[in-house]
Amino acid sequence: MGKKRHNIALLVAGFENTFVRQLCTGAMTAATETDSNLVVFPGKFINPPYYDKN
């Protein structure tokens with residue numbers, strides 16, 4: 001049996017933010033360099049106080 005790979009999960013609010021895209025790009029680079037699996041879960045907050053209903 002071969003070498004085991006680490007699994008990394010990343011929960012982000014969405015991909016429309018430049019910071020989040022850069023974060024995901026960095027995580028993908030790090031996962032590749034460390035031979036790890038990366039799973040990115042996009043999610044949203046439920047009723048955030050800054051939510052614009054318009």
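This is a short walk through a predicted model of one protein chain.

Start with the overall layout. The protein chain holds one helix and two strands. Read from the N terminus, the order is β-α-β. Strand 1 covers residues 7-12, and strand 2 covers residues 37-42. The two run parallel, joined by six bridges. Between the strands, the chain passes through helix 1, residues 18-33. This β-α-β crossover is right-handed.

Now follow the chain out of strand 1. Ala-13 sits in the loop that leads from strand 1 to helix 1. Its relative accessible area is 34%, so Ala-13 is partly exposed. Ala-13 and Pro-42 lie 29 residues apart along the chain, yet 5.6 Å separates their C-alpha atoms.

Turn next to the surface. Leu-11, Val-39 and Phe-41 make a nonpolar patch of about 310 Å². Phe-41 belongs to strand 2. Phe-41 is classed as partly exposed because its relative accessibility is 44%, between the 20% and 50% cut-offs.

Finally, consider the chain as a whole. It has 54 residues, and 15% of them count as buried. The accessible surface comes to about 4900 Å². Carbon and sulfur atoms contribute 60% of that area. Contacts tell of links along the sequence. Among those with a separation of 6 or more, 69% are between residues 24 or more positions apart.

Technical notes
Residues numbered from 1 in each chain as written. Predicted model: local features only at pLDDT ≥ 70, side-chain atom pairs only at ≥ 80, totals over all residues. Heavy atoms only, no water. Pairing = 2+ DSSP bridges. Helix = DSSP H or I, 4+ residues; strand = E, 2+ residues; numbered from the N terminus. Right-handed = clockwise from strand over helix to strand, strands pointing away. Buried < 20%, exposed > 50% of the residue type's maximum accessible area, 1.4 Å probe, protein only. Patch = residues over 30% accessible without salt bridge, like charges linked within 9 Å, V, L, I, M, F, W, Y side chains within 5 Å. Areas by Shrake-Rupley, 256 points an atom, 1.4 Å probe, with all protein chains shown as cover. Salt bridge = Lys/Arg side-chain N within 4 Å of Asp/Glu carboxyl O. Contact = heavy atoms within 4.5 Å.
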